[in-house]
Amino acid sequence: MPVKEQSISILNLVKNNLKSCILGKDFEIDLLLTALLASGHVLIEDVPGTGKTQLIKAMAKSMSGDYRRIQCNPDILPSDITGVSVFHPHEERFVFRPGPVITNILLTDEINRATTKTQSALLEVMEERSVTADGFTYDLPHPFMLCATQNPIDFEGTYMLPEAQLDRFMMKIAMGYPDAKTEKAILHSHHLGQPVDDLQPVTSMEEIASMQREVRDVHISDALTDYLLDIVRRTREHEAVLLGASPRASLAFMMAVKAYAYVQSRDYVLPDDIKTLAPFILGHRVLLKPEFRLDSVKTNQVLQQILRQINVPVSAGV
């Protein structure tokens, strides 16, 4: 079924909102919207000042839903994120006070500054989309998306994300520095203040949920499904790989390529969609052997080698 004209129109409005604030990052914007429509979570890793927080804030402001931000640090406790039960003297009972995680879009800024105990509080949130406190389970609003940022060059006061948590992020994105022309345009656009502060919602969470359901109907042929699985399975067999991509990665990969096709206004997946997204879906899930890391071999180099080795299906069965 072709992508609805109304959905295309809404997506274009959201894209234009983001592009008005985050200049020169059209592809990264598409990746973020892909994760949103695939019901996934995103980890954005890059040096300070490249627009990580502004991108997520702009996306949240483009939608009339709830948005919360957590600034991570070593002192933050799990209950500061999930919520806590407090005793209500008048009612003589404990009442659950939800934390910032009870929202539609949650930004955890500098997630690697939180301790591993606090990071583990997000595991249930990311996978089960619920919070358990004092034996009671509270469902999160729908849609829900966790967007985390981290600085790759800080070492003091930081804690590496465990593999189990990395595997729960659908994508890992890097913003990168803008080129000279774009950076000059950024200076002009910020002359009178932050453009993101003037953004108005152009869609609702109900419309986003509807598009998430439509993404599931995007067609991916058996040939492309096999191609996608071949890529994932090769990560487990490559000589340089210590830990390959999990079955959760396969599921995330399939949903992501469907959503990416949808963001491109298509109701079918192309081989290029799979090749384009492979580094962002699998890069943070593949762990190389120490001897290869010592030889300065990068994960993306291994993934590109795998992509070159696998024949692209000639007929996608569209």
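Buried means under 20% relative accessible area, exposed means over 50%, and partly exposed lies in between. The exercises below apply to a predicted model.

**Exercise 1. Classify E127 by its accessibility, then find its salt-bridge partner and say where the two residues lie.**

Step 1. E127 has a relative accessible area of 37%. This value falls between the two cut-offs, so E127 is partly exposed.

Step 2. The partner of E127 is R168, and the closest N and O atoms of this salt bridge are 3.9 Å apart. The cut-off for a salt bridge is within 4 Å, so the pair qualifies.

Step 3. E127 belongs to helix α5 (residues 116-128), while R168 sits in the loop between α6 (163-166) and β9 (171-173). The two are 41 residues apart, and the pair links distant parts of the chain.

**Exercise 2. Describe the salt bridge between D167 and R248, and name the network that holds both residues.**

Step 1. The side chains of D167 and R248 meet at 2.6 Å, N to O.

Step 2. D167 is in the loop between α6 and β9, and R248 is in helix α10 (residues 247-263). They are 81 residues apart, so this too is a link between distant parts of the chain.

Step 3. With a relative accessible area of 12%, D167 is buried. R248, at 29%, counts as partly exposed.

Step 4. Salt bridges link E127, D167, R168, R248 and R285 in a network.

**Exercise 3. Which strands does the salt bridge between D109 and R69 tie together, and is each residue buried or partly exposed?**

Step 1. The N to O distance between the side chains of D109 and R69 is 2.6 Å.

Step 2. D109 lies in strand β5 (residues 105-109) and R69 in strand β2 (residues 67-71), so the bridge ties together parts that are 40 residues apart in sequence.

Step 3. The relative accessible area of D109 is 6%, which means that D109 is buried. For R69 the value is 44%, and R69 is therefore partly exposed.

Step 4. The count of salt bridges comes to twelve.

**Exercise 4. Locate the patch of negative charge that contains D226.**

Step 1. The patch is on the surface and gathers D222, D226, D230 and E237.

Step 2. D226 lies in helix α9, which covers residues 222-237.

Step 3. Membership of a patch needs over 30% relative accessible area and no salt bridge. D226 has 45% relative accessibility and counts as partly exposed.

**Exercise 5. Which strands pair with β1, and in what sense do they run?**

Step 1. Strand β1 (residues 42-45) is joined to strand β8 (residues 145-150) by four bridges, and the two run parallel. E45 has Q150 in β8 as its bridge partner.

Step 2. β1 also pairs with β9 in the parallel sense, over three bridges. Here I44 stands opposite I173 in β9.

**Exercise 6. Find the backbone features at P143, R129 and S296.**

Step 1. The peptide bond from H142 to P143 is cis, with omega near 0°. P143 is in the loop between β7 (136-139) and β8.

Step 2. R129 is not a glycine, yet has a positive phi of about 55°. R129 sits in the loop between α5 and β6 (130-133) and is partly exposed, with a relative accessible area of 26%.

Step 3. S296, likewise not a glycine, has a positive phi of about 65°. The loop between α12 (290-294) and α13 (299-309) holds S296.

Note on methods: Residues are numbered from 1 along each chain as its sequence is written. This is a predicted model: local features need pLDDT of at least 70, side-chain atom pairs count only at pLDDT 80 or more; totals for chains, interfaces and linings use all residues. Side-chain values use heavy atoms; hydrogens and water are left out. Patches are made of residues with over 30% relative accessible area and no salt bridge: like charges are joined within 9 Å, nonpolar side chains (Val, Leu, Ile, Met, Phe, Trp, Tyr) within 5 Å. Accessible areas come from the Shrake-Rupley method with a 1.4 Å probe; for residues, only the protein chains shown count as cover. Lys and Arg count as positive and Asp and Glu as negative; His and the chain ends are not counted. The place of a charge is taken as NZ of Lys, CZ of Arg, CG of Asp or CD of Glu. Buried means under 20% relative accessible area, exposed over 50%, partly exposed in between (1.4 Å probe, protein chains only). Two strands pair if DSSP finds at least two bridges between them.
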